[in-house]
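Reader: I'd like to learn how to read strands, helices and aromatic rings in a structure. Could you walk me through one?

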Amino acid sequence: NNMPVADHTDGRTKLHFTQAEVAAHNSPYEDCWVSFLGRVYNLTKLIHENPGELAQPLADAAGTDISHWFDTKTGDVRRYMNLETGLEEYYTPMGRFLHIPPSYPTDDFETDFDLPWWKDHEADEPQYWVGMLSSKTRQIRVVNMLTKDEHTLEVCAEDTLEQIQNKYLLYNKHAGSYAWKRLPDQLDKEMVVLDMQKTLEQNGVRDESEEYEELGMDDDYYVPSLHLYFKDDLSVA
């Protein structure tokens with residue numbers, strides 16, 4: 001993941017997303033997410049409230065990373081020098097979009113916004129910014145010891161076990177009724193119960209993928225397994 005990153009550990013959000021999760025929100029007018037400079041934005045509301053051609057470049061970008069629209073140093077939309085006018089202007093080869101002023105004098109440019117949408121993460125109460133792009137994703141295998149079902153998930157290294165559990169609800173809506181455990185460090189010990197408020201790494205589930213990749217070993221060797229043990233009555237669906 002070599003894309004420019006603003007800050008993967010912004011104190012006001014604990015939610016991280018993989019690029020695949022962002023890509024799943026790819027409906028231009030119904031569910032439009034984008035990522036840029038390490039942040040994830042849900043632009044659906046913005047597009048709904050501002051229909052028209054200025055929303056089109058945003059809708060067209062649904063589910064993608066648009067870091068190349070921005071200057072990594074300033075976090076603002078890239079600019080260029082217009083040789084005809086001698087003025088610096090925003091560089092928008094994808095087409096002018098919402099909150100970008102026109103390059104010609106006009107009285108129909110709406111200026112009633114406090115911050116342009118791409119600076120929404122600076123607002124006291126963000127409307128569009130939903131979290132950070134994961135700086136490192138990893139694969140885990142979740143094994144249900146009751147049903148013997150197995151699922152391999154791509155999760156964020158920054159995710160807590162509780163957040164991973166929420167992602168696993170897609171496969172098992174009763175995931176909260178299971179104790180989540182990992183294999184012990186020594187074979188003669190008991191399974192280790194995982195702390196749902198901590199990350200995989202903090203729970204001792206190391207990410208060894210790079211070491212195995214260097215050895216040319218198959219994915220299956222280094223995808224760690226989490227074991228789910230049924231613990232109580234079914235939670236209310």
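Author: Let's start with a strand pair: E10 (residues 178-182) and E11 pair in the antiparallel sense over two bridges. Strands count as paired if DSSP finds at least two bridges between them. Helices (H or I, at least four residues) and strands (E, at least two) are DSSP runs numbered from the N terminus. This is a predicted model, where local features need pLDDT of at least 70 and side-chain atom pairs count only at 80 or more, while totals for chains, interfaces and linings use all residues. Residues are numbered from 1 along each chain as its sequence is written, and side-chain values use heavy atoms, with hydrogens and water left out.

Reader: Which residue stands opposite Val 192 in E11?

Author: Arg 182 does.

Reader: What is the order of the strands in the open sheet?

Author: In general, strands of a sheet pair through backbone hydrogen bonds, either parallel or antiparallel. Here five strands run in the order E9-E8-E12-E10-E11, with mixed pairing. E9 (150-156) and E11 (192-193) stand at the edges with a single partner strand each, so one side of each has no neighbour in the sheet.

Reader: Which strands does helix H4 lie across?

Author: Helix H4 (residues 161-168) lies across E8 (137-144), E9, E10 and E12 (225-230), at about 130° to E9. For that angle, axes are lines fitted to C-alpha atoms, for helices over the stretch in contact (heavy atoms within 4.5 Å), and angles run from 0 to 180 degrees between N-to-C directions. Leu 161, Gln 163, Ile 164, Gln 165 and Tyr 168 of H4 are buried, meaning under 20% relative accessible area with a 1.4 Å probe, protein chains only (exposed is over 50%, partly exposed in between). The buried residues of H4 pack against E8, E9, E10 and E12.

Reader: Now the rings: how many aromatic pairs are there?

Author: A pair of aromatic rings is described by the distance of the centres and the angle of the planes. Rings of Phe, Tyr and Trp (its six-membered ring) pair if their centres lie within 6.5 Å; planes under 30 degrees apart are stacked, over 60 edge-to-face, the rest tilted. The whole structure has 15 such pairs. Trp 69 and Phe 97 have centres 5.0 Å apart and planes at 25°, so they're stacked. Both Trp 69 and Phe 97 are buried. Tyr 90 and Trp 118 are edge-to-face, at 6.3 Å centre to centre and 75° between the planes.
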